[in-house]
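Dear colleague,

I am handing over the structure below. My notes on what was found in it follow.

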Amino acid sequence: MSIEVNIKKEYPTFCLDIAFEAQDEALGFLGASGSGKSLTLRAIAGLVTPDKGRIVVNGEVFFDSYQNINLKPQQRKTALLFQDYKLFPNLSVAENIAAGMSRQLSRDEIHQRVKTQLERFKLKGYGSRFPAQLSGGQQQRVALARMLAAEPRILLLDEPFSALDAYLKSGLEEDLFNLFERYRGTILYVSHDIDEAVRFCDRIAVIDEGMVAQIAPAAELVSQPKTLASIKASGVKNISAAKKVDEHHVEALDWGITLATGVEVPDDAAWLAVRATYLRAARQDEGENCFELKVRYASDSRFERTAVFEPAGIRWNVDKLTHPPQYLPVKGQTLRMHIPPQQIYIVSS
């Protein structure tokens with residue numbers, strides 16, 4: 001199972017110019033809204049026609065502008081799960097699940113496949129209900145069941161959890177894991193959440209302004225982002241324009257400080273970044289990369305406190321479970337902070 005994509009689609013204010021390959025794996029697409037993630041999936045499914053290029057799935061040419069090949073969506077036999085599921089409101093659950101199956105199947109075969117999917121996705125007894133009678137989580141299960149029942153050549157998921165609240169999202173992750181385990185083929189998964197992408201995907205492609213900025217195994221993307229777009233997509237909040245000082249020192253122009261680095265600084269260094277969880281209070285015997293910073297404000301989530309320092313806006317995320325309350329940063333406090341040289345990312349673009 002494989003997919004090869006190399007396409008271009010121009011709009012008045014945007015250009016999709018994307019190329020990638022994937023095998024029998026889950027490949028995530030991560031990037032800002034409007035970067036071209038969903039547009040790529042729609043082009044593969046045949047809902048958008050590229051201006052030029054080529055799309056090949058499992059050896060079959062879906063689109064080739066040079067050979068004038070452009071299969072219709074129904075000929076491509078892809079399964080695209082939209083953000084809002086796209087269930088047919090006038091069809092029952094069973095009829096929705098059967099909607100994508102081949103018309104060449106017998107009535108008994110269709111009935112058996114529907115029954116299998118109803119049981120697989122914990123929908124037994126719901127076959128005669130209509131989408132409006134289901135919860136958001138049940139609607140998604142119907143959409144997932146319809147995908148598998150159609151035996152697609154490739155699975156395309158466009159932010160499948162975006163319409164769910166946190167409680168439903170947590171409960172339905174198991175369903176998606178089960179879907180991924182049962183499906184043998186290529187899965188393309190669009191998300192804007194780095195943690196979600198890491199949980200579900202073998203590799204992640206960062207999409208920036210219609211192009212692939214970086215494609216790498218999930219763990220590598222988090223530990224070694226290669227571009228500014230990858231740094232942002234991987235969840236880093238502390239980012240500054242940068243200028244090389246020497247081989248192991250770089251000036252953080254937005255922060256007004258010079259930092260020692262654990263890696264050699266490239267001549268074309270343009271940006272540096274450090275994760276907010278990697279900062280820590282400096283020890284008395286430390287001097288390098290230690291700075292007196294004043295807390296502009298502090299805010300709490302369930303398990304973390306975030307301190308934002310002035311004037312640079314550097315963020316520090318503190319684990320509240322491992323730090324006693326008296327050691328948590330508070331507004332107006334001046335702290336001596338350490339930025340670990342080994343945890344500084346430096347990129348040129």
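**The open sheet**

Five of the strands, in the order β14-β13-β12-β15-β21, make up an open sheet with antiparallel pairing. Its edges are β14 (257–260) and β21 (345–347), each of which pairs on one side only. Ignoring direction, neighbouring strands in this sheet are turned by 40° against each other on average. Please keep in mind that this is a predicted model.

Within the sheet, β12 (residues 238–246) and β13 (residues 249–252) are joined in the antiparallel sense over 4 bridges.

**Nonpolar cores**

The largest nonpolar core contains 43 residues. Within it, the residues with the most contacts are Ile97, Leu157, Leu176, Leu179 and Phe180. Helix α5 (residues 136–149) supplies the largest share of this core, with 7 residues. Another core lies apart from it and has 28 residues, including Ile3, Ala22, Ala45 and Leu188.

Leu179 is worth a look in the viewer. Leaving aside residues up to four places away in sequence, Leu179 touches Phe121, Leu144, Leu148, Leu155 and Leu157.

**Aromatic residues**

The count of aromatic pairs comes to 5. One of them is Phe180 with Phe200, an edge-to-face pair at 5.8 Å centre to centre with 65° between the planes. Phe180 belongs to helix α6 and Phe200 to helix α7 (residues 194–200), so this pair ties together parts that are 20 residues apart in sequence. Both Phe180 and Phe200 are buried. Together with Phe177 and Tyr189, Phe180 and Phe200 form one aromatic cluster.

**Tyr183**

Where does Tyr183 lie? Tyr183 is in the loop between α6 (166–182) and β9 (186–191). Is Tyr183 buried or exposed? Its relative accessible area is 8%, which is under the 20% cut-off, so Tyr183 counts as buried.

Not counting residues up to four places away in sequence, Tyr183 touches Leu148, Pro152, Arg153, Ile154 and Leu155. As for Val142, Tyr183 is 41 residues away in sequence, and the C-alpha to C-alpha distance is 16 Å.

Regards

Key
Residues are numbered from 1 along each chain as its sequence is written. This is a predicted model: local features need pLDDT of at least 70, side-chain atom pairs count only at pLDDT 80 or more; totals for chains, interfaces and linings use all residues. Side-chain values use heavy atoms; hydrogens and water are left out. Helices (H or I, at least four residues) and strands (E, at least two) are DSSP runs, numbered from the N terminus. Buried means under 20% relative accessible area, exposed over 50%, partly exposed in between (1.4 Å probe, protein chains only). Contact means heavy atoms within 4.5 Å. A nonpolar core is a set of buried Ala, Val, Leu, Ile, Met, Phe, Trp, Tyr and Cys residues joined through side-chain atoms within 4.5 Å. Rings of Phe, Tyr and Trp (its six-membered ring) pair if their centres lie within 6.5 Å; planes under 30 degrees apart count as stacked, over 60 as edge-to-face and the rest as tilted. Two strands pair if DSSP finds at least two bridges between them. Axes are lines fitted to C-alpha atoms, for helices over the stretch in contact, and angles run from 0 to 180 degrees between N-to-C directions.
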